[in-house]
Amino acid sequence: MGIEIEQPCVELSNVAVSETHGENSPYFAGWKAYDENPYDEFTNPSGVIQMGLAENQVSFDLIEKYLEEHPEEASTWGNGASGFRENALFQDYHGLKTFRTAMASFMEQVRGGRAKFDPQRIVLTAGATAANELLTFILANPGDALLVPTPYYPGFDRDLRWRTGVNIVPINCDSSNNFQITPEALEASYKDAEAMNFKVRGVLITNPSNPLGITIPREVLEEILDFVTRKNIHLVSDEIYSGSVFSSSEFTSVAEILEARENRNAERVHIVYSLSKDLGLPGFRVGTIYSYNDKVVTTARRMSSFTLISSQTQHLLASMLSDERFTESYMETNRERLRKRYQMIIEGLRSAGIECLNGNAGLFCWMNMSPLLEKPTREGELELWNTILLQVKLNISPGSSCHCSEPGWFRVCFANMSEHTLEIALQRIRDFMARIRTETETESA
Amino acid sequence: MRVIVPLQGVVQGTGGLFWGSVIPCALFYFLQLLFKTKSNKTRRHHPPSPSPSPSPSNHNHHSTLHRSLSPTPRHATASAYVSPRANSITTATSPYYFAFSDDPYHQTLNPQGVIQLSLYQNTLSLDLIQDWIHHNGTDSMLGKPLSLSRILPYQPLDGLVELKLAVARFMSHILEKPVSFNPSRMVLTAGATSAIEILTFCLADHGNTFLVPTPLSPGFDGVVKWRAGVEIVPVPCRSTDDFNLSITSLERTFNQAKKRGHKVRGIIITNPSNPAGKLLNRETQLDLLDFAREKNIHIISNEMFAGSSYGDEEFVSMAEIMEAEDHDRDRVHLVFGLSNELSVPGLKAGVIYSYNDNVVAASSKLARFSTVSAPTQRLLISMLSDTSFVQKFIEGNRQRLRKMYDTFVAGLKQLGIECSSSSGGFCCWADMSRFICSYNEKGELELWDRLLNVAKINATPGSSCHCIEPGWFRFCFATLTEKDVSVVMERIRRISDATK
């Protein structure tokens, strides 16, 4: 029998075969489990409840109501022939002026008017995911590093590193001071990067933080700004949850600090924003980069050619975002509803004997289950996570996926479900904790 | 007053937008638009840069000044380090001189203005789209009754399954053949340009090379080079072959590239090609496939204008070729442009179609950086599924393109200008070498300048398309009316008469 000559396999790129997309990590494995057995109130009440998706559905009805009452907004691409033509053909990476202006004014509103945004500095991207990657491409070279405080959004490992070839060096934060970023931690992280021979290009913070669900205090922001100025590097402030702070006065944007400093050294600062979290419109894919650096604005704008928002979507949202009465009332109601949900989950967990970080923002809470760990290690945490996934049938995000330095913390999302579902989830947790207590008591008996 | 600004790269790249190419688009279409903003009044050699408000800005050399926001990149403080990737965009390496004009032609309002013929776009059938959208747009997007759960929450980042199904049917329609497309091989992206970039990231590493037949669409290099870092080695096509791709030329180029140490990862073909408008016939595509197999490289077939083929010969998609192949398909990848086919670039929707499972998997994950808005996807699902509309549109569009092409080419012929025979796309590829003083790139650019200043026509010189024979120009005709065409011919006559 003849020996078959194997057809040489055509090669793919390093990017294609790399695992940097991270989709084999537990963060995403939980999603798979959910996809295979998703909870449904009526058809599958014993299914897995998705508590790993930071999506805001609590104020969905407000958007619906607005669109029902303003059907002309939805009329595709404006009325009349010229309106249609100009939008249909429009693919200018500058974005529709009306939309950029609306975004700028909305961003101002979210910050209670405490900072001003120039529509000319707004670069539009298809989602904040694209915005973060784009900024990384612009601010750093392959092999360079960005410093990111831990714990951080697991998606950053992919978004900031995969195609860009840039490294993330953690700024380690821990529970001793409620995971605040300290000047010591900043310096230590910079030294770590140097020790690994990485050129540090910038610091990327998320404010309010994901997964912590807390706003960064003004003094800390000032310290961070001073640090990046001293080191002569950039600062990217991902503020996609800025409108999801339960009480608006508790949020300080880096924009406010820059204004107070009269924009001194502002050319190193860039803000990322999106409508996905605050307005609950993740399906629309609307993100933006706001940069105080002209060159970055110009470059980002051109690079945004790879990730444009359709003119139709821009047009659809422009009127809604400029309607200050609507956005004002939406923001107020949304904050209140999120706060209530947060209360509900905190109290529910507390009654089950679980404490959380004292949060004030976001679509999730940062839960401390370290007392339950068999071993205070990453493995111990993953074991517990697995138990919760398979037995309790809840998909929550383990702190290790967020690079948390202390095992046992979990991020639990509460805004992507109905109150009823949240109640079910809390009940399951209560039952689980009760089981554990009984088991422990039996063992020690 | 006209300001000429040298900008790197594209004007209307691979049918998508690039480097601010659309500014003139808006200018030339709608006088009532307020797009004649700062972007027109740029300094020479500098890309448009916004000045922050309320900064008084301007040159800031003094380090103690508070306002460190400088509008001039050249004066950006050292602290604003930006990677070479960003820098490569702001310096002109292969300048394509682009005329921003304060004086755009308008049939009635400004008949002496500059006629824009370098924008690769099609407005001939916009009325058909507008009509459909007027009747169905809102409902298709928002649902009737209002059903926002289909568009508000997170959707699969590589595109809705329903849209993939609709695209499969639509593409079969365009090809007018029973070629079946498997939706699970599809990845939807925010435009065809982005689809090409994503494929590039999957098939080649930084510093590798793709072979691409020339002349090619200006700025195409930017798409594969800018972030993915892949070089293009041109495979020259000649007028003697009527700018058809010759496998001999491909073979020669490949060998030369290898000798020079290039790692060739694949070939990118555009079918119909831009600017020459050539269709790749079945035989050539089969030869290409053999070639790729022999050298063990990839083929990307960019078919984003498949629906805009209007020639007498049949359009053969690589998909049709692949239907008959049952092995070694892993190296073939297609790109379609939904917004291009429908001549609605504002929609920004493109498709990657790959026969390689790993490439599909990787692209699906990469598509998250380049997603299509859910309301736009819903609109497309409705539109593409409306078979009678699709039929009417494709037929009507093809007819109108054909008519305009015939008219334009006939007009040029009367002036003694020959064109390569195009079978698709939005432009014709004309031999203007008779009118150039010195038979080289300099002479060609000089003619371009004359066309702009004397004939007041902005066309694309062949050198921007990497054409190796000087004197060829791309004239985009798909945004004109028949009356405009006579005006264009009369203007070109100014040049042809002067040369006699």
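Me: Which residue stands opposite His270(A) in E8(A)?
Reply: In this predicted model, His270(A) faces Ser291(A) of E8(A).

Me: How many bridges pair E7(A) with strand E8, and in which sense?
Reply: There are 5 bridges between E7(A) and strand E8 (residues 287-291) of chain A, and the pairing is antiparallel.

Me: And how do E6 and E7(A) run, parallel or antiparallel?
Reply: Strand E6 (residues 234-238) of chain A and E7(A) run parallel, joined by 4 bridges. Within that pairing, Val236(A) has His270(A) of E7(A) as its bridge partner.

Me: What unit do E6(A), helix H11 and E7(A) make?
Reply: Together with helix H11 (residues 254-260) of chain A, the strands E6(A) and E7(A) make a right-handed β-α-β unit.

Me: How many residues of strand E7 are buried?
Reply: For strand E7 (residues 269-274) of chain A, 6 of the 6 residues are buried, so the strand is largely enclosed by the rest of the structure.

Me: Which residues point which way from E7(A)?
Reply: Val269(A), Ile271(A) and Tyr273(A) point one way, while His270(A), Val272(A) and Ser274(A) point the other way; all are buried. Side chains in a regular strand alternate between the two faces of the sheet.

Me: Changing topic: where does Arg121(A) lie?
Reply: Arg121(A) is in the loop that lies between helix H6 (97-110) and strand E2 (122-125) of chain A.

Me: Is Arg121(A) buried or exposed?
Reply: Arg121(A) has a relative accessible area of 1%. The cut-off for buried is under 20%, so Arg121(A) counts as buried.

Me: What joins the side chains of Arg121(A) and Asp294(A)?
Reply: A polar contact of 2.6 Å joins them. In sequence, Arg121(A) and Asp294(A) are 173 residues apart, whereas their C-alpha atoms are 7.9 Å apart in space.

Me: Now the open sheet of 4 strands in chain A: what is the order?
Reply: The order is E9-E10-E13-E12 (chain A), with antiparallel pairing. Strand E9 (355-356) and strand E12 (397-398) of chain A are the edge strands, each pairing on one side only.

Me: Which helix packs on that sheet?
Reply: Helix H14 (residues 324-351) of chain A does, touching E9, E10 and strand E13 (409-413) of chain A. The direction of helix H14 makes about 15° with that of E10(A).

Me: How many bridges join E9(A) to strand E10?
Reply: 2 bridges join E9(A) to strand E10 (residues 364-368) of chain A. Cys356(A) has Met367(A) in E10(A) as its bridge partner.

Technical notes
Residues numbered from 1 in each chain as written. Chains lettered and ligands numbered in written order. Predicted model: local features only at pLDDT ≥ 70, side-chain atom pairs only at ≥ 80, totals over all residues. Heavy atoms only, no water. Buried < 20%, exposed > 50% of the residue type's maximum accessible area, 1.4 Å probe, protein only. Polar contact = N/O pair within 3.5 Å; in protein donor to acceptor, adjacent residues only side chain to side chain. Pairing = 2+ DSSP bridges. Contact = heavy atoms within 4.5 Å. Axes fitted to C-alpha atoms, helices over the stretch in contact; angles between N-to-C directions. Right-handed = clockwise from strand over helix to strand, strands pointing away.
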